[in-house]
Amino acid sequence: MNVALFQEIQAFMQLKKWNKTQLSKKSGIHISEISRILNNKQPLSLQNLDAITNAFGLSEGSLYTYYVEECLNEGNRIDKRRSIQFLYKCAAEGRKKHYSNLIDLMLEENSKTLRKKNLLYIFSVAEELFQAEKGEQALPLYEVIIENDSDRFSENAAISYFRRFYIVRMTDIGQHALAHVLDQLAYMPIDIRKEAYLWIMADYYRCENWKKVLFYAEKLKQLAAEGEYYGRALMYKSFALTRLGASLEEVLDLIAEYAHVNEFFSDIAAGNRYVALLDFGKLEYVDEYLSWLETRDDIYAGLPRILESYVRLDRLEDAKKLIERFKHVINDMAMSKEPWLKEKMYWDFRYAHALLQCKSNQVEKGLIELLEVAALSNSIGNIERFKKCLLAFWQYRFFAAPHHEEKYTQLLSTGNNH
């Protein structure tokens, strides 16, 4: 045990007037183990440090500043087991000061071989955190790999770039992270590359960049000949082709193909068949789609399209009843912190709702909502929805007040930059 940590423990033992036996009883650590630790014949594990800290009545982590040195072995090199355990716990609990000190030690290693090994330890902790759904806590560790791996095209660096993109994809730096991960795809192992293609494709779907969706759907389809990834590739391909000029028959054939992947895709395909029919203007299927959808947990996914179909059919009372009936679902979409799909569907819903307001003699409110949805769409790069909003605004421009026109002109100018 290093001198500073030993002196801290001794000081608290003296304060409590405890001997080794009393420390053993209070901490739950066997007396023989306490003796070996205090006599510097056994390393102090993080688990034992937590037990001793708790016995003293201190908050956990109070002595972590002194533990960083314990992550070194007798040769003053990083000890794998203790450093990984300490790094994981500090990162998981947000103790950045403590794990930053340890990482600094790991990166100061002069030997390239040992430094590479230390980076591998950091990467393994990041992966463990990521798999435990602690992405935000893992992110700083992936950044360390990205910034310090001497081989920027190594497999671990490539995985780190993808993990970073996945973690930040819904933030302002998502597009920046995407640009970097696209350069790293060739250096990823196959399983990670399939996952990367899926989330890149999904990100372009969120922005309604249909050419990119189609491109990465084809990439994923080539890489995955069956199963979950294959089904997702076909599904996203059908979404893209719907917007890129394919025929209804081509889209329905794709839907029928992924319906055979497994039971999950069979269920999804049933709903997406209705979606395709509506997208191709066969609005007479809207009530049948609602009947299929209304008892499902994912009803939020279809509400915007049903609402827009009612508006286009001039079934305005049915549209208002739909909103009232599923107000709880709409509120959940508005407040949801869940994955990006609900967010996208909520803004699709607001676009349809704006059209409803414009047709229901509430043009002032409808124009405001169209401009709000256009601004959001523009900010996240959803140019398709952005254009739809501005086109709808143009149709009702004679009802616009000067401040509406000013905002419209501003958005039009900003959107042209894309």
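Modeller: Let's start with Glu218, which has 26% relative accessibility and counts as partly exposed. This is a predicted model, where local features need pLDDT of at least 70, side-chain atom pairs count only at pLDDT 80 or more, and totals for chains, interfaces and linings use all residues. Residues are numbered from 1 along each chain as its sequence is written, and side-chain values use heavy atoms, with hydrogens and water left out.

Colleague: Why is Glu218 called partly exposed?

Modeller: Buried means under 20% relative accessible area and exposed over 50%, with partly exposed in between (1.4 Å probe, protein chains only). Glu218 has 26%, so partly exposed is the label.

Colleague: And what makes Lys237 buried?

Modeller: Its relative accessible area is 15%, so Lys237 falls under the 20% limit.

Colleague: How do you know that Lys237 and Glu218 meet in a salt bridge?

Modeller: A salt bridge needs a side-chain nitrogen of Lys or Arg within 4 Å of a carboxyl oxygen of Asp or Glu. Here the N to O distance is 3.0 Å, so the pair qualifies. Lys237 lies in helix H13 and Glu218 in helix H12 (residues 210–223), so the pair ties together parts 19 residues apart in sequence. Helices are DSSP runs (H or I, at least four residues), numbered from the N terminus.

Colleague: What makes Lys320 and Glu317 a salt bridge?

Modeller: Their closest N and O atoms are 3.8 Å apart, so this pair is also within the 4 Å limit. Both residues lie in helix H18 (residues 316–325), three residues apart, about one turn of the helix.

Key
Helix = DSSP H or I, 4+ residues; strand = E, 2+ residues; numbered from the N terminus.
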